[in-house]
Amino acid sequence: QKLSGEEEIELCKNMRESNDMWLATNMRLRYADDFQAREEFKFMEALLQQQGHSMHMIEALMKWQPEQMKAVIERRPPPPLPAGLNPASMQQMSQTLPSIMNAMTSQAGFCSPPFTATS
């Protein structure tokens, strides 16, 4: 079933908000005082590097994605891909990122978020 115009706009808004939350969490992990939080971030970076990706590349993609979706919905040309990304690298990422995400979530002991609502 096709989404209505309002539903499409809401979807883009929700994606942008989710991506912004993810980017903020990454920033907090990257510069945390807590060793385990920084270690988790470095672990994610290492997994990405093993697959030929970087956290910088993923973060750029996360910023670009809602803008691209909004452009498609508004029937206008999408913004250019972030620097360093091209259609071939996007294809590679779509094939390898699910396995990276599974590796990160299947580790024993990762059962709570790194920050509480008050931190």
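## Basis of the model

The model is predicted, so local features need pLDDT of at least 70 and side-chain atom pairs count only at pLDDT 80 or more, while totals for chains, interfaces and linings use all residues. Residues are numbered from 1 along each chain as its sequence is written, and side-chain values use heavy atoms, with hydrogens and water left out.

## Overall architecture

The chain contains four helices and zero strands, in the order α-α-α-α along the sequence. Helices (H or I, at least four residues) and strands (E, at least two) are DSSP runs, numbered from the N terminus.

Of the 119 residues, 28% count as buried. Buried means under 20% relative accessible area, exposed over 50%, and partly exposed in between, with a 1.4 Å probe and protein chains only. The accessible surface of the chain is about 8,400 Å², and carbon and sulfur atoms account for 58% of that surface. Accessible areas come from the Shrake-Rupley method with a 1.4 Å probe; for residues, only the protein chains shown count as cover.

A contact means heavy atoms within 4.5 Å. Among contacts between residues at least 6 apart in sequence, 63% join residues at least 24 apart.

## The nonpolar core

The largest nonpolar core has 16 residues, and I58 and M93 have the most contacts inside it. Such a core is a set of buried Ala, Val, Leu, Ile, Met, Phe, Trp, Tyr and Cys residues joined through side-chain atoms within 4.5 Å. Two or more residues of this core come from each of α1 (5-30), α2 (35-50), α3 (55-73) and α4 (87-105). Helix α3 gives the largest share, six residues.

Leaving aside residues up to four places away in sequence, I58 touches W22, L48, M93 and L97. M93 itself is part of helix α4 and is buried, at 1% relative accessibility.

## Packing of α1 on α2

Two packed helices are described by the angle between their axes and the distance between the axes. For α1 and α2 the axes come within 7 Å and cross at roughly 115 degrees. Axes are lines fitted to C-alpha atoms, for helices over the stretch in contact, and angles run from 0 to 180 degrees between N-to-C directions.

On the α1 side the contact is made by N26, L29 and R30, and on the α2 side by A37, R38, F41 and M44. These residues divide into four nonpolar, one polar and two charged. In this scheme Ala, Val, Leu, Ile, Met, Phe, Trp, Tyr, Cys and Pro count as nonpolar, Asp, Glu, Lys and Arg as charged, and the others, Gly among them, as polar.

N19 lies in helix α1 and is buried at 7% relative accessibility. Not counting residues up to four places away in sequence, N19 touches M62, Q65 and P66.

L23 is also found in helix α1, and its relative accessibility of 14% makes L23 buried. L23 and M62 are 39 residues apart in sequence, and their C-alpha atoms are 8.0 Å apart.

## Salt bridges

Side chains of opposite charge can pair when their charged atoms come close. The structure holds six salt bridges, each defined by a side-chain nitrogen of Lys or Arg within 4 Å of a carboxyl oxygen of Asp or Glu. One of them joins R30 and E59, with the closest N and O atoms 3.1 Å apart. This pair links distant parts of the chain, with R30 in helix α1 and E59 in helix α3, 29 residues apart. R30 is partly exposed at 24% relative accessible area, whereas E59 is buried at 11%.

Another salt bridge pairs E17 with K13 at 3.4 Å, N to O. Both residues lie in helix α1, four residues apart, about one turn of the helix. E17 is partly exposed at 41% relative accessible area, and K13 is partly exposed at 39%. E8 and K2 form a further salt bridge, with the closest N and O atoms 3.6 Å apart. Here E8 is buried at 16% relative accessible area, while K2 is exposed at 61%.
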